[in-house]
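Q: Could you walk me through this model before I set anything up with it? I'd like to go piece by piece.

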Amino acid sequence: MARMSVDGDELVVRLSLRERAAARRAGVRVPLAAVRRVTAEPDWWRALRGVPRRGTRRTGTRAHQAGTDFTVVRPGRPVVCVELRPPAPYRLLAVSARTPAEARSTARSLGRSAPGLDTSTRYRQPLPVPGEGPPRAALT
């Protein structure tokens, strides 16, 4: 089963052999400075956004209008979701945990390790809708 851990100043996602084959990669490393928010999601399917791009439906990369997510989720298990800032290669890392308590513990641990964490809300932020943005200045 995939594991998230901190190695120096990087967040590392280590995959099992089966997950490596499904995702077509050995793992993921992103700088801790790119971590925006860490949450524990009790429903595995809520972590999936966009369409599969590389890998399987639940393991690998998923593309959507705001970028790309990396997911390793298992049905029926809680998920640790890590939102990332640009220039990280992904917008979201979603990795299943064995139990809800383990998901919350991992999220707290990663949250303590990441500098500059956005704590304005404990929930993940929705994807931007295409065509919506800040109001334009009125033409004069």
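**Talking through the model**

Q: Where is Thr 61 placed?
A: Thr 61 is in strand E6, and please keep in mind throughout that this is a predicted model.

Q: Buried or exposed, that Thr 61?
A: Thr 61 is buried, since its relative accessible area is 7%, and the cut-off for buried is under 20%.

Q: Which residues does Thr 61 touch, leaving out those up to four places away in sequence?
A: With those left out, Thr 61 touches Val 51, Pro 52, Arg 53, Arg 54, Thr 68, Asp 69, Phe 70 and Tyr 90. Of these, Arg 54 is the residue that stands opposite Thr 61 in E6.

Q: How do E5 and E6 connect, then?
A: A hairpin of three residues joins E5 to E6, and the two strands, with E6 covering residues 59-64, run antiparallel and are joined by four bridges.

Q: What's the whole sheet like, and in what order do the strands come?
A: It is an open sheet of six strands with mixed pairing, ordered E4-E8-E9-E7-E6-E5. Strand E4 (35-41) and strand E5 (51-55) are the edge strands, each pairing on one side only. On average, neighbouring strands of this sheet are turned by 20° against each other, with direction ignored.

Q: And how many bridges between E8 and E9?
A: Five bridges join strand E8 (residues 79-84) to strand E9 (residues 92-96), and the two run antiparallel; one of the pairings puts Val 82 with Leu 93 in E9 as its bridge partner.

Q: Which strands does helix H2 touch when it packs on the sheet?
A: Helix H2 (residues 100-113) touches E4 and E8, and its direction makes about 165° with that of E4. Its 14 residues reach 20 Å from the first C-alpha to the last, which is close to the 20 Å expected at 1.5 Å a residue.

Q: Which residues of H2 are buried?
A: The buried residues of H2 are Ala 103, Thr 106, Ala 107, Leu 110 and Gly 111. Seen down the axis of H2, they fall within an arc of 130°, so they line one face of the helix. In general, an α-helix has 3.6 residues a turn, so residues three or four places apart point the same way.

Q: What does that buried set pack against?
A: The buried residues of H2 pack against strand E1 (3-7), strand E2 (10-14), E4 and E8.

Q: Switching topic: how many aromatic pairs does a search of the whole structure find?
A: The search finds one aromatic pair. The rings of Phe 70 and Tyr 90 have centres 5.7 Å apart and planes at 45°, so the pair is tilted. The pair links distant parts of the chain, with Phe 70 in strand E7 (residues 67-72) and Tyr 90 in the loop between E8 and E9, 20 residues apart.

Q: How accessible are the two partners, in relative terms?
A: Phe 70 is buried with a relative accessible area of 0%, and Tyr 90 also counts as buried, at 7%.

Q: Where does Arg 24 sit?
A: Arg 24 is in the loop between helix H1 (17-23) and strand E3 (27-31), and at 55% relative accessibility Arg 24 counts as exposed.

Conventions:
Residues are numbered from 1 along each chain as its sequence is written. This is a predicted model: local features need pLDDT of at least 70, side-chain atom pairs count only at pLDDT 80 or more; totals for chains, interfaces and linings use all residues. Side-chain values use heavy atoms; hydrogens and water are left out. Two strands pair if DSSP finds at least two bridges between them. Axes are lines fitted to C-alpha atoms, for helices over the stretch in contact, and angles run from 0 to 180 degrees between N-to-C directions. Contact means heavy atoms within 4.5 Å. The expected span of a helix is 1.5 Å times one less than its number of residues. Buried means under 20% relative accessible area, exposed over 50%, partly exposed in between (1.4 Å probe, protein chains only). The arc is that of the directions from the helix axis to the C-beta atoms. Rings of Phe, Tyr and Trp (its six-membered ring) pair if their centres lie within 6.5 Å; planes under 30 degrees apart count as stacked, over 60 as edge-to-face and the rest as tilted.
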